[in-house]
Amino acid sequence: MAPAVARLLFLQLVIGPTLVVDIKVQIAIKNFRLLHIDYPRVSYPKGFQGYCNGLMAYVRGRKQSWYCPQIHYMVHAPWRETKKFCKYSDSFCENYNEYCTLTEDSFPVTICSLASRQPPTSCHYNDTLTNQRLYLLCSGKHDAEPIGIIGLY
């Protein structure tokens, strides 16, 4: 009985943290797809007063946060087109403690920026549609997937 307990304890100590990290990475990848990929681009009803106001209501609900993010990027391209740039990433972004890359291609992107001079309980956004390259955070160095956008180029 003691060897079986020892093996179980060993597996929990060694494999347990790996499973937790893997689950966190999978959640980050899923959240990237849900919060940063909108292809084809959806249209929100007029009551939302523009694309970004409708989108950011969804983003805040998905994040379960009432906080109004200053800026949010939405990519209007298929997932597979953005995913391929994290296949191999030799750059490590120390500020984010993640691997990162700059896409070779430009993508249609909507930039949602928080409008200035508004009550703290209000989240009103301006939107800018542009074509730019993306600085992506990747889930690892090789065979990885995007988990965040840290800027545009």
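Let's start with an open sheet of 3 strands, whose order is 1-4-5 and whose pairing is antiparallel. Its edge strands, each of which pairs on one side only, are strand 1 (71-75) and strand 5 (125-132). From one strand to the next, the twist averages 25°; the axes behind such angles are lines fitted to C-alpha atoms, and angles run from 0 to 180 degrees between N-to-C directions. Strands here are DSSP runs of E with at least two residues, helices are runs of H or I with at least four, and both are numbered from the N terminus. Two strands count as paired if DSSP finds at least two bridges between them.

A word on the model itself: it is predicted, so local features need pLDDT of at least 70 and side-chain atom pairs count only at pLDDT 80 or more, while totals for chains, interfaces and linings use all residues. Residues are numbered from 1 along each chain as its sequence is written, and side-chain values use heavy atoms, with hydrogens and water left out.

Back in the sheet, have a look at strand 4 (residues 107-114), which runs antiparallel to strand 5 and is joined to it by 8 bridges. Within this pairing, T110 stands opposite L129 of strand 5. As a reminder, strands of a sheet pair through backbone hydrogen bonds, either parallel or antiparallel.

Now for the charged side chains. Side chains of opposite charge can pair when their charged atoms come close. With a salt bridge taken as a side-chain nitrogen of Lys or Arg within 4 Å of a carboxyl oxygen of Asp or Glu, the count comes to 4 salt bridges.

Another pairs K84 with D105, where the closest N and O atoms are 4.0 Å apart. Because K84 lies in the loop between helix 3 (79-83) and strand 2 (91-93), and D105 in the loop between strand 3 (98-102) and strand 4, this pair ties together parts that are 21 residues apart in sequence. R80, E81, K84 and D105 are linked in a network of salt bridges.

K87 and D143 also meet in a salt bridge, at 2.8 Å from N to O. K87 sits in the loop between helix 3 and strand 2, and D143 in the loop between strand 6 (134-138) and strand 7 (146-152), so the pair ties together parts 56 residues apart in sequence.
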